[in-house]
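Please keep the sequence and the structure at hand while reading.

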Amino acid sequence: MRRFVCLLLVVVVLPFFVPTAQATPGLAALPPMGFNNWNAFGCDVDETLIKETADVLVSSGLADRGYEYVNIDDCWSLRERGPDGRLVPDPAKFPGGISGVADYVHAKGLKLGIYGDAGTKTCAGFPGSLGHETVDAQTWADWGVDYLKYDNCNNQSDGSQADYIRRYTAMRDALNKTGRPIVYAICEWGTSQPWLWGNGVGQLWRTTGDINDEWPSLKSIIAKNAPLAPYAGPGHWNDPDMMEIGNGGMTATEYRTHMSMWAMMAAPLLIGTDLRTASPETLAILGNREIIAVDQDRLGVAGAVVSDRDGLMVLDKPLANGDRAIALYNSTDSLATVSVPASGTGLSRAPAYRLRELWTGDVRQAKSTISAAVPAHGTVVYRVRPLRDPAGTAPSVTADAGLGTLVPDAGGTLTTTVTNRGAGTITDVAVSARVPDGWTVTAQTPARQRRLATDTSLTTTWTVTAPEGTPAGRYPVTITADYTWGRHRPGETASELVSTVVNAPPDGRRHLSTVEPVTGTAGTDTSAGGSLITIGGRVYQRGLGTTAPSELVYYLGDRCTQLVTDAGVDDESTGQASFTVHADDAVAASAEVASGEPPVTLTADLTGVDWLRLVTAGTAHADWAAPVLTCGDSTPNDPVEPEEETLFSFESGTEDFTIANPGDGGTVAQSTAFATEGTHGLEVTTPLGGNWYGARLSVPFDLTGATRLKVDVKADAAAGTTGEIAVQTGAGWSWCQGSRWAWTDAGKSRTVSVTFEELDCPAGVTPDPSQIHAVWVFLNGGHVYVDDIRAE
Ligand code: GLA
């Protein structure tokens, strides 16, 4: 009877579903897949890169897996339009023009994308399309372009949503008029909530600011984009930005989270790494067929956030064949169990569920709770379907563990928890823990149990010791549960956790922002909002920017004597905050500060203290400004590390600052509007395309021993400022430049920094710090403040 009902359902329901799902696919019926050069190459784009990338997309098999668009980002054109008013591809970069690359890419069975801007200039200062929509759309269509990313720099906007809609609709209409199907990607960084108006304007819209190749960026983008799932669907997608997978700034676990979550959120999958040199591991992550199938599922539904607590998130995405993709995402810094009851997802009631883990291919059954012990920053993606008879399938068993920070030679407590989520009892359960060589681990409570029924656990407490002299760092500890299931079938579940060993800081006085906290996160030498720390108008180069309430913990191991720090509410926020310095269990110093008030200086005696905790409460951006920690037998007169040498402070004038290309325009003047040390800095006006500002030296700087250059910069009202640092070095005054940086918010300040190693020089030249003949900073955006160019 049951079977009959099911059959009947299939017969009756299918005819309804099939036509909807196969409706004539419009533009971007599925999230676009492809490549964009920006994340890996910035402005270094040319025809060779685009063609070679197209070649690799095909030869690597990625094209067969769906990667289709090869997208050119900013910096492809000349800085001026042609006499006919059209955009002109830079002939040095694209000798065959954009149409030439389009032909090449099309011949490979791929599609070509281009970049434009809904403003007067692109973010890098090339011509924008505001007021030129019709001619630019037609130009792109004539060239055979299939995809347009349309940016938002120099937008002349009054900031109203109406203006955003107007500017982005103007380009949609222009694209439509060409008659060529061109996917239209709105890139206004989520500024005017494009998810509310983008459907019908473009096929996708960026929901956030630019991604970068670091875990905090990935984490914050997921947090912003995931809840927007209801706004996505076929032909109208949320775009959390291009991928960073393979660029080297994150771990493989983090890159798998990147790929998993983009697929769960039905995001465009735009590869952002150099595919010509990508490692097999990178290609395997980008090419995972089953994850891609989740992204490209023809239902086109973005995964719903079914729970999000304490950094653990569950997403549930319906798939066309009736399965559901369920992602268990752990954004915390330690191994954690992420679970969801099947009844809390879109799964129908069943005796059990079949879980296929899409990164390992492992298949298990769970009775009613879908669960995994997920490594820090990791994501488990299951493809789940109801299972009538679980007997022949291995049970889902999780092995979770928690381990505090270890001080060498002092025992720490490890707690392991093995849980049977399968239908049916498992027997002869034995847990073991593997620690690095030379460490010891001893069970304090039983690590074995005869039987473990469904949804029950075995918890074991252990003592772990790292030997004396173990360097600070992160060490793997593996927990393994062995058991028997079904008719004497062996089963195993293993989890890896990371154990953190801490050492006390070395002797000396140092900025606390150069010491890694054991727990807690803060902006390093920036406010929580990403600017230089600024309290009551005073700008600091060093400090820790937090959002209250916050806690930062440092291990001192009875080796330090004093912390001196300013404390205050950052000028970028309002509200008030309390600041407490805890020395072990005692309060060593505290203050209460409101926004707009000057900073308070706190001095804490840390003699004999093992653990330092910096705690804020309240509701504001709470800064620990210029915190200096003294350890060992150093005295308050010793220099503070890392030491810096000021090259230009602008206290006594413009210090012979000039403009590298005077013909392009620009001015420099001494100013009090922005100063990071002392009272004066430099105020610069720039031409729209930017210019280099700096000084040629009659006596070269000898910066032997220094490894990097730094400069403090603040944008004025204009957004989209970009810049770099350059030096002229060696006998030949060779020009070496580096440090691509960009921001999109007006009024933000930051320290721009580049190591000598990172500078790009002419072939055969390496920068020689002992002979620096000139120092330059590239600035654009109209009006910029600069201060304190220095070497560290
Ligand atoms: C903005 C965009 C980026 C990139 C750059 C190019 O920052 O958001 O994705 O296109 O401009 O200048």
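Thr425 counts as partly exposed, with a relative accessibility of 33%, in what is a predicted model. The residue sits in the loop that runs between strand 18 (412–420) and strand 19. Leaving aside residues up to four places away in sequence, Thr425 touches Asn420, Arg451, Leu452 and Ala453. With Ala453 the separation is 28 residues along the sequence, yet the two C-alpha atoms lie 4.2 Å apart in space.

Thr427, by contrast, belongs to strand 19 (residues 426–434). Its relative accessible area is 18%, and because buried means under 20%, Thr427 counts as buried. The contacts of Thr427, again without residues up to four places away in sequence, are Arg450, Arg451, Tyr483 and Thr484.

## The chain as a whole

The protein chain contains ten helices and 48 strands. Its radius of gyration is 29 Å, close to the 28 Å given by the globule rule for 792 residues, so the chain is as compact as a globular protein of that length. The C-alpha trace spans about 90 × 75 × 50 Å along its principal axes.

Of the 792 residues, 53% count as buried, while the chain exposes about 32,300 Å², of which carbon and sulfur atoms supply 51%. Among the contacts between residues at least 6 apart in sequence, 72% join residues at least 24 apart.

Helix 3 (residues 47–59) has 13 residues and reaches 18 Å from its first C-alpha to its last, close to the 18 Å expected at 1.5 Å a residue. The buried residues of helix 3 are Glu47, Leu49, Ile50, Thr53, Ala54, Val56 and Leu57.

Helix 6 (residues 161–178) has 18 residues, and its reach of 26 Å between the first and last C-alpha is close to the 26 Å expected at 1.5 Å a residue. Its buried residues include Asp163, Tyr164, Arg167 and Tyr168, and also Met171, Ala174 and Leu175. The cover over the buried residues of helix 6 includes helix 5 (133–143), strand 4 (147–151) and strand 5 (183–186). Just after this helix, Gly179 adopts a positive phi of about 80°.

## Backbone exceptions in loops

Most residues other than glycine have a negative phi, and most peptide bonds are trans. Asp310 has a positive phi of about 55° although it is not a glycine; Asp310 lies in the loop between strand 9 (304–309) and strand 10 (312–318) and counts as exposed, at 64% relative accessibility. Glu655 likewise has a positive phi, near 50°, and is found in the loop between strand 38 and strand 39 (658–659), where it is partly exposed with a relative accessible area of 24%.

The peptide bond from Ala548 to Pro549 is cis, with omega near 0°, and Pro549 lies in the loop between strand 29 (543–547) and strand 30 (550–555). The bond from Glu641 to Pro642 is also cis, with omega near -10°, and Pro642 is placed in the loop between strand 37 (640–641) and strand 38 (645–648).

Methods:
Residues are numbered from 1 along each chain as its sequence is written. This is a predicted model: local features need pLDDT of at least 70, side-chain atom pairs count only at pLDDT 80 or more; totals for chains, interfaces and linings use all residues. Side-chain values use heavy atoms; hydrogens and water are left out. Helices (H or I, at least four residues) and strands (E, at least two) are DSSP runs, numbered from the N terminus. The radius of gyration is taken over C-alpha atoms; the globule rule is 2.2 Å times the number of residues to the power 0.38. Buried means under 20% relative accessible area, exposed over 50%, partly exposed in between (1.4 Å probe, protein chains only). Contact means heavy atoms within 4.5 Å. Accessible areas come from the Shrake-Rupley method with a 1.4 Å probe; for residues, only the protein chains shown count as cover. The expected span of a helix is 1.5 Å times one less than its number of residues.
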